[in-house]
Amino acid sequence: MLWLSLKDATMETWSVDRVCSWLVEKNLGELVPRFQEEEISGAALLALNDRMVQQLVKKIGHQAVLMDLIEKYKQNSQGLKPPGCPRETAPGTQAEAALEVEQSCSPASHGEQMPSFHPAESLDNGFIDQRVLKQRRNMKHVLARNKALQWTRSYALPEFPYDVSCMLAEQKCPDHSMRIRIIEFLQADMTKYLEGSLYPTTQQYNDVVNALLQAHPFLDEDGRGFFLWKRALKDRFKYVRRPIEDDEQVMRNKCKFGHRRGQTRKTLADTRLDEIKTVQIKEESVCLDSEVEEHINWFQQEYMKAEKNWREIDQRMSQTLEIRRKMIGSRTPPKDILQMFPFLKCPHQMFREFQLLTRTDIYKKTRHILESYSENILTAFSVVDNPINIALHETMKQCTDEGMLKYMKMTATCLLLPDVFGDDPSLFVVVNEKVQVSTPVLEVKNPFDINVCEFSLYLDKEKLAKVDDCVTALAALVAAFHIFGIECPRRLSQTLNFLEMLIFDSHSPYFPSLKEKEKEVGFQPPVT
């Protein structure tokens, strides 16, 4: 009960161990190691904000439950009275007060025997009168109904980030990435209101979408906006539920209805068979650990040698490709990957790994792109007055060799790509300046001076590789995003999407405005 949790000491005076015990009581025991590592005391717990909780807790459901518990504690501590004082309750809030009593006295939250609302419940050594049980069931039904009505009436849209708020204030039609951000914030906010549950009702979906369209009517496109936003919101909840394996409600529904469309309900025998397969996979991974460790030690020793056995390196890199992809897929930091497999710093190995993954010669494709589109890009209206373009023309006046002129045009094309597509150039290439971003980026010094020109690829603000020319540099940049599984920055999406579209000879469905960009620039497909 609430009085029992506050009887000994207020939350502000709790120690780290007391906070961990409280997490276990609230079915948040998974967070204990992280809270112990960060030394979260009671005072620190009350000082947490949304951003801190997102960094501290990985799962969205746990984030919502934790923030809700802290907020409830703050509200209860502000309006708390001594146990002996009578508490006046308005008629409209009687159902809420009864619900709070029932939640605070539940055995799931304190591990204690539930106190009785009726004296008949404690009679006959635990045997409860059937009339009392019926009355309790009716009371729970009324309380649940009142709680659902209260949720829909009190719901308000969350405070969106600054860029989303600006877009909504200007009443601009959101693009694909902006729609995703709006849906993500709505889903997180609904999860908070639902106290961590990932199964909203149809009425709750309707209320949230109606609130969004009433606040921003321009989002209702041709009268179909309600169904489109509702479908996107439901799909977002499905996406969040899919990887969850430790939530009781999610697992119960997966077992009952299936995990994906067309999946049948699993029998007990199938479940046991899956468990056996899981154990076998874990045993196989343990057996592979010693072999992989031997490869890693060999890579680290060979990388320090002046003369390297590249044939053996290629063979061992191919043998460890699968385990390397598993590590990258599990979000292992690129710095740790490079420490175990240092030859990924070599452009040759990056291109080889990219070819094993995509069956595409990225160097050959990149050279073809720069040769074919250099004239169109350099004459685009958006880069005519760019300092790089001006420096190129001044240098070309002093050079007559056709090969050198072609190389300088390709270099300028590489540097001007983000400006053509309206992206942030600092996320793509840094010219004669210090690298400030963590994502893969190129550093170029003296781009049009052949004698002292330098190209380098940076990752996590550290130099990954020094390359010879602009073609190798651009190919290594695109390959780095794929090899290390790094998400493309939103302010660089148009540029990388254009390159990938040409490298893979396909159109990406995620950026529908790409064709319009090509028309603005005046691109023409190369004649082959």
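In the hairpin of β3 and β4, 2 residues sit between the strands, and Asp460 takes a positive phi near 55°. Strands β3 (residues 454-459) and β4 (residues 462-467) run antiparallel and are joined by 5 bridges; two strands pair if DSSP finds at least two bridges between them. Across this pairing, Phe455 stands opposite Val467 in β4. Helices (H or I, at least four residues) and strands (E, at least two) are DSSP runs, numbered from the N terminus.

Before going on, please keep in mind that this is a predicted model, where local features need pLDDT of at least 70 and side-chain atom pairs count only at pLDDT 80 or more, while totals for chains, interfaces and linings use all residues. Residues are numbered from 1 along each chain as its sequence is written, and side-chain values use heavy atoms, with hydrogens and water left out.

Now to the interior. A nonpolar core is a set of buried Ala, Val, Leu, Ile, Met, Phe, Trp, Tyr and Cys residues joined through side-chain atoms within 4.5 Å. Buried means under 20% relative accessible area, exposed over 50%, and partly exposed in between (1.4 Å probe, protein chains only). The largest core has 75 residues, and Met350, Phe484 and Leu499 have the most contacts inside it. Helix α23 (residues 470-483) gives the largest share of this core, 12 residues. Met350 touches, among others, Leu457, Leu464 and Ile483, leaving aside residues up to four places away in sequence; contact means heavy atoms within 4.5 Å. A second, separate core has 23 residues, including Met11 and Leu45.

What about the aromatic rings? Rings of Phe, Tyr and Trp (its six-membered ring) pair if their centres lie within 6.5 Å; planes under 30 degrees apart count as stacked, over 60 as edge-to-face and the rest as tilted. By this rule the count comes to 13 aromatic pairs. Phe160 and Phe185 have ring centres 6.4 Å apart and planes at 65°, so this pair is edge-to-face. Phe160 lies in the loop between α9 (130-154) and α10 (162-169), and Phe185 lies in helix α11 (residues 176-193), 25 residues apart. Phe160 is buried at 10% relative accessibility, whereas Phe185 is partly exposed at 30%.

Phe299 and Phe343 also pair edge-to-face, with 6.1 Å centre to centre and 70° between the planes. Phe299 belongs to helix α15 (residues 268-303) and Phe343 to the loop between α18 (334-340) and α19 (347-358), so the pair ties together parts 44 residues apart in sequence. Both Phe299 and Phe343 are buried.
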